[in-house]
Amino acid sequence: MAEKVRCGWAGSDPLMQEYHDREWGRPERDSRAMWECLMLEGFQAGLSWQTILRRREGFRRAFKNFDPVKVAKFTEKDIERLMQDEGIIRARAKIVATIEGAKIFLAMEKSGEDFGKYYWKLAGGKPTVNRTGRVPAQTPASELISKDLRKRGFKFVGPVIVYAWMQAIGMVDDHAAHCFRA
């Protein structure tokens, strides 16, 4: 049986390959799942995605399965607990940004804005397919979404992080032309 040909970044790590094969680039429209991914992308800043994937279950446990209602209620005591949790990245600013992000997510919901629908609309409503072999670090769409997220108060949402998020949730399909997922 022939080996699957994947995007080069998936490498030979089974966890990265599984993520590539089953998640990366598949359109995700569930608002909570999109928010979780955005928060994890923020934790990834300065680190590898592999590091985040290896700790994703720890993050889910620590952040109550990324339930925004529960996370928004986190207190200073919870922040201190998370700062001791070896199952996650213990960066205070990123932990606080996730708690604040939950509050912003809920404020959007309360005002009648659906997080997923809103950001998919800003991205053009459907996946942008790129088979050029050149993957940009950011695009005008990631700059626009980043600006909007920052205006709302989200942190760790610069245009490069936002572009990685757009790839992860399938707003952008950057699978290499030779990849079996292309």
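**Salt bridges and cysteines**

Arg152 is partly exposed, at a relative accessible area of 24%. Here, partly exposed lies between buried (under 20% relative accessible area) and exposed (over 50%), computed with a 1.4 Å probe on protein chains only. The model is predicted, so local features need pLDDT of at least 70 and side-chain atom pairs count only at pLDDT 80 or more, while totals for chains, interfaces and linings use all residues. Residues are numbered from 1 along each chain as its sequence is written, and side-chain values use heavy atoms, with hydrogens and water left out.

Arg152 forms a salt bridge with Glu113, with 2.9 Å between the closest N and O atoms. A salt bridge is a side-chain nitrogen of Lys or Arg within 4 Å of a carboxyl oxygen of Asp or Glu. This pair links distant parts of the chain. Arg152 sits in helix H8 (residues 140-152), and Glu113 in the loop between H6 and helix H7 (115-122), 39 residues apart. Helices (H or I, at least four residues) are DSSP runs, numbered from the N terminus. Glu113 is partly exposed too, at 25%.

The whole structure contains 16 salt bridges. One of them joins the side chains of Arg61 and Asp85, at 3.1 Å from N to O. Arg61 belongs to helix H3 (residues 49-62), whereas Asp85 lies in the loop between helix H5 (76-83) and helix H6 (92-110). The pair therefore ties together parts that are 24 residues apart in sequence. Arg61 is exposed, at 51% relative accessibility. Asp85 is buried, at 12%.

A salt bridge also connects Arg92 and Glu80, whose closest N and O atoms are 2.9 Å apart. Arg92 is in helix H6 and Glu80 in helix H5, so this contact ties together parts that are twelve residues apart in sequence. Both residues are partly exposed: Arg92 has a relative accessible area of 33%, and Glu80 has 38%. Elsewhere, salt bridges link Arg32, Glu36, Glu57 and Arg60 in a network.

The structure holds zero disulfides, a disulfide being a pair of cysteine sulfur atoms within 2.5 Å. For Cys7, the closest cysteine sulfur is that of Cys179. The distance is 3.8 Å, too far for a bond. Cys179 likewise has the sulfur of Cys7 as its nearest cysteine sulfur, and is in no disulfide. Cys7 is buried, at 5% relative accessibility. Cys179 is buried as well, at 4%.

Note on methods: Helix = DSSP H or I, 4+ residues; strand = E, 2+ residues; numbered from the N terminus.
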